[in-house]
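Have the structure open while you read.

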Amino acid sequence: MMGPLLISLYVFVLAGFLGFELITKVPPTLHTPLMSGANAMSGITIVGALTLVTVASPSVSVLLGVAALILATINVVGGFLVTDRMLATFGSRK
Amino acid sequence: MIDPDVTAFLALGSIALFVVGLKRLSKVRTARSGNALMAAGMLLAVIITLVEIGLVDYRWIIGGLVIGGAIGVAIVLRAQATQMPEIVARFNGFGGASSALVALSLFWMEVVEPTGGGTAAATLGSTSAVTLVVSVLIGASTLSGSILAELKLRGTISGTPRVPLRAVVMGLLLVAGLLLGGVAVFVVDDPALAALFVIGLLVASLVVGVVLVLPIGGADMPVVISLLNSLSGLAAAAAGFALVNQLLIIAGTVVGAAGLILTQIMCVAMNRSLVNVLVGGFTGAATEHGEYGNVVSTDPESAAMVLEVAQSVIIVPGYGLAAARAQTAAHDLARALIDRGVQVRFAIHPVAGRMPGHMNVVLAEAEVPYELLVEMDEINPDFAQTDVAIVVGANDVVNPAANDTPGSPIAGMPILEVGNARRVFVIKRSLSPGYAGIKNDLFERDHTVMLYGDAKEVLGSLTTELAELP
């Protein structure tokens, strides 16, 4: 049975390979939207931030967590929207 | 309370949406749906997490989501098509900052605020302790690097200031940051002192980002933003290790790897190695600017008369077109020519503009039909059979020095072979060099004619003059 650290390490390495394989052939047209979409995905820290702001008291840790939550949400919401805006302009006429 | 195994199982759905979405995002036909799938995956991840944390005080959560969402929407609504690269850089900085803040919040929560004492390694376990330091280091340097990249793209900061002994400075800063972080999590068991060390780590990390981006010139900014994008993914993955959250690790690592590949693709497009880019700017031969002689210029009226008798025209857009917001004017001219039976196409260089694919985004916003946009490899052989090539605000990507001059800083970079066309019109504000800072012999050639002025105005008057011809 693997310990949690080893499982995380397996997950990390396999996810790395997955990322490399996913993005091998991309038409240059899509480089900017792809970068933008992947960037929105890196806002996944929103999940981490959510777990840190579950108490009402405004301690330093909670305030740092709230700042993390706000910035991650901007990254996620703005990132996917801006990607969609780019793609909307050339997605409609193929 | 929901069984954690159930939420962990549901998180697989989120991961599947991310992977399928990213895959679809890399194909033109499916790109938009891919982005939507990824957004759905993110929404699912948030919902799963909210279910997982159960009944808690929701005030901060709701406040953070509402404020962040509103700011994100506002930034996108206010952005112009030409500002896309800056916007991506900014969001990227926020992503990195968020990961660093998550790590800091965790540190404060588990180490600084409890009264029990003990090092972070003892409280959180050494894996979380180490990855927490890594998350702060990468996240904070991504933030400062992205801010600097955005300022450089806007032109607020220009030039490529040299940092003396940059590699050494960077190395020392990294070692200092890791040492401060290591001491903070492994050695110090006084909370206040540990906090101080972590703040030291934060400051060192912020400086690393600045030193990394400062000497890199504008032409390389796409590569830098892509690299920073990759780093913000890795920062999220590190935060995932610190929080023992597989979803964070997977999504962060996929972005990290994908960003690295994209960075590599861009370097290949410019025929430069990543190391070369990171060392900074176009160095060496870049200093020989050279004077121009024998440059011929004309006015839109005469140029329109040439266009009138042309049978095929290729428009070559560059950053100047985006900066002058001339995409609609370019499309109008293309339409006017097409109405006269001229074959018109747009030649897209992969790194024209400030980001790969930048020209596609800009032209698509002006509703230029997708099939009129032709990529470099495909259109290069056609220049020889083309009557007129109209270069709009492009410079380095059409500079024949890349093929002819072995010592040139852009030697070997694939270019659009504009010089093979029968006539070349260059719409440009002046003869000032492009980002590589070198002279362009194309402008001196016999069949090249300059049309000085703002791209939007010149294209507009070409269309007007064309309409006045019988």
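Chain B splits into domain 1 (1–78), domain 2 (86–279) and domain 3 (300–468), with bounds that come from an automatic or database domain assignment. This is a predicted model, where local features need pLDDT of at least 70 and side-chain atom pairs count only at pLDDT 80 or more, while totals for chains, interfaces and linings use all residues. Residues are numbered from 1 along each chain as its sequence is written, with chains lettered from A and ligands numbered from 1 in the order in which they are written.

Domain 1 and domain 2 of chain B have C-alpha centres 23 Å apart. Their contact uses seven residues from domain 1 of chain B and six from domain 2 of chain B; residues are in contact if their C-beta atoms, placed from the backbone, lie within 7 Å. On the domain 1 side, α1(B) gives the most, with five residues. Helices (H or I, at least four residues) and strands (E, at least two) are DSSP runs, numbered from the N terminus.

Now for the chain–chain contact, which takes 94 residues from chain B and 78 residues from chain A. Among the elements giving two or more residues to the chain B side are α1 (4–25), α2 (31–53) and α15 (358–365) of chain B.

Helix α2 (residues 31–41) of chain A packs on α1(B) at about 165 degrees, with the axes 10 Å apart; axes are lines fitted to C-alpha atoms over the stretch in contact, and angles run from 0 to 180 degrees between N-to-C directions. So α2(A) is roughly antiparallel to α1(B) (the word for angles over 145 degrees). In this pair, Pro33(A), Leu34(A), Gly37(A), Ala38(A) and Met41(A) meet Phe18(B), Leu22(B) and Leu25(B).

Lastly, the strands. In chain B, β1 (residues 312–317) pairs with β2 (residues 343–348) in the parallel sense over four bridges; pairing needs at least two DSSP bridges. Strand β2(B) also runs parallel to β3 (residues 373–375) of chain B, joined by three bridges. Phe346(B) in β2(B) is the bridge partner of Ile315(B), and Phe346(B) also stands opposite Leu373(B) in β3(B).

Terms used: Two residues are in contact if their C-beta atoms, placed from the backbone, lie within 7 Å. Angles under 35 degrees count as roughly parallel, over 145 as roughly antiparallel, 65 to 115 as roughly perpendicular and the rest as oblique.
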